[in-house]
Amino acid sequence: MKKLLVIGLMALSALLAACERRAAAPRVEFTNTDLTGLPYAKDFALTDHNGKPRTLADFKGKVVLMFFGYTQCPDVCPTTMAEMAAAMKELGPQADQVQVLFVTVDPERDTQQLLAEYVPAFDKRFLGLYGTAEQTAAVGKEFKVFYAKVPGKTPGSYTMDHTAASYVFDKQGKIRLLVRSGQGPAPIVHDLKLLLAQP
């Protein structure tokens, strides 16, 4: 009887320990694609639309949404930026802990001045980032972003095919999510709140 009691107490102790472990590390259920732990998209070196050199470390302490696009994009880019602006509104005061970055894949046409007009029009807190063709290519490679020029009727009327998704980084600057474009602000807000709640 005593032996059974000891075995029962040991089993109960193990069960309680397992419950404590689960309570200490709750499973995070993101709506978007979880990229936690992937070994790429670690950093960039670009210039913002105010002329200030930027790296990911500049935004430590904030959740960062990073979208690759271009100002003359007819559909995906303005739709995505509008979604992000709507998500910021829904976040209310928490939006101040979020930084949206728009990285141009068209450095040939997207000048500092053009980005300074285009990007903050969606939300004054948003930042446009640009670099030389070489810097843009390096960032594209690091972030595994596809982009390619599609010729138009004239040399300056080309369009850009590009990856239509955004990366999300946590407050420590670690990659966490891939956010699909065109899903509306609600799933973005849901995931941002989960990340904002983390230390």
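Which residue just after α2 takes a positive phi? That residue is G92, with a phi of about 65°. What you're looking at is a predicted model, where local features need pLDDT of at least 70, side-chain atom pairs count only at pLDDT 80 or more, and totals for chains, interfaces and linings use all residues. Residues are numbered from 1 along each chain as its sequence is written, and side-chain values use heavy atoms, with hydrogens and water left out.

**The annotated binding site**

- The UniProt record, an unreviewed entry, puts a "binding site" annotation on C73, C77 and H162. UniProt positions follow the numbering used here, feature names are shortened, and annotations may be inferred rather than shown by experiment.
- These residues span 90 residues in sequence, yet no two of their C-alpha atoms are more than 10.0 Å apart, so they gather at one spot.
- You'll find C73 in the loop between β4 (63-69) and α2 (76-91). Helices (H or I, at least four residues) and strands (E, at least two) are DSSP runs, numbered from the N terminus.
- C73 is buried, with a relative accessible area of 8%. Buried means under 20% relative accessible area, exposed means over 50%, and partly exposed is in between (1.4 Å probe, protein chains only).
- Not counting residues up to four places away in sequence, C73 touches P78 and H162. Contact here means heavy atoms within 4.5 Å.
- H162 sits in strand β8 (residues 159-162) and is buried too, at a relative accessible area of 14%.
- Leaving out residues up to four places away in sequence, H162 has contacts that include C73, C77, F67 and Y147.
- A polar atom of the H162 side chain lies 3.1 Å from the backbone oxygen of F68.

**Helix α2**

- α2 has 16 residues and reaches 22 Å from its first C-alpha to its last, close to the 22 Å expected at 1.5 Å a residue. That expected span is 1.5 Å times one less than the number of residues.
- An α-helix has 3.6 residues a turn, so residues three or four places apart point the same way.
- Several α2 residues are buried, among them C77, T80, M81, M84 and M88.
- The cover over the buried residues of α2 includes β4, β5, α3, β8, β9 and α5.

**The nonpolar core**

- Which residues touch the most other members of the largest nonpolar core? They are F44, M66, F68, F143, Y167 and F169, out of 53 residues in that core. A nonpolar core is a set of buried Ala, Val, Leu, Ile, Met, Phe, Trp, Tyr and Cys residues joined through side-chain atoms within 4.5 Å.
- Elements that give two or more residues to this core include β4, α2, β5 (98-104) and α5 (185-196). The largest share, 7 residues, comes from α2.
- In soluble globular proteins, nonpolar side chains tend to be buried together.

- Setting aside residues up to four places away in sequence, F44 touches residues including R54, L56, M66 and F143.

**Salt bridges**

- How many salt bridges does a search of the whole structure find? The search finds 6. A salt bridge is a side-chain nitrogen of Lys or Arg within 4 Å of a carboxyl oxygen of Asp or Glu.
- Side chains of opposite charge can pair when their charged atoms come close.
- D48 and R54 pair up through their side chains at 2.9 Å, N to O. D48 is buried, with a relative accessible area of 0%, and R54 counts as buried at 14%.
- The side chains of D106 and R109 form another salt bridge, at 2.7 Å from N to O, and both residues are buried.
- R125 and D123 meet in a salt bridge of 3.0 Å, N to O. R125 counts as partly exposed at 32% relative accessibility, whereas D123 is buried at 11%. Salt bridges that share partners link D96, D123 and R125 in one network.

- Is L56 buried or exposed? L56 is buried, with a relative accessible area of 6%. A57, on the other hand, counts as exposed at 56%.
- Apart from neighbours within four places in sequence, L56 is in contact with residues including K42, F44, V64 and F169.
- A57 and G173 are 116 residues apart along the chain, and 6.8 Å separates their C-alpha atoms.

Notes
A polar contact is a pair of N or O atoms within 3.5 Å; within protein, one must be able to donate a hydrogen and the other to accept it, and residues adjacent in sequence count only if both atoms are side-chain atoms.
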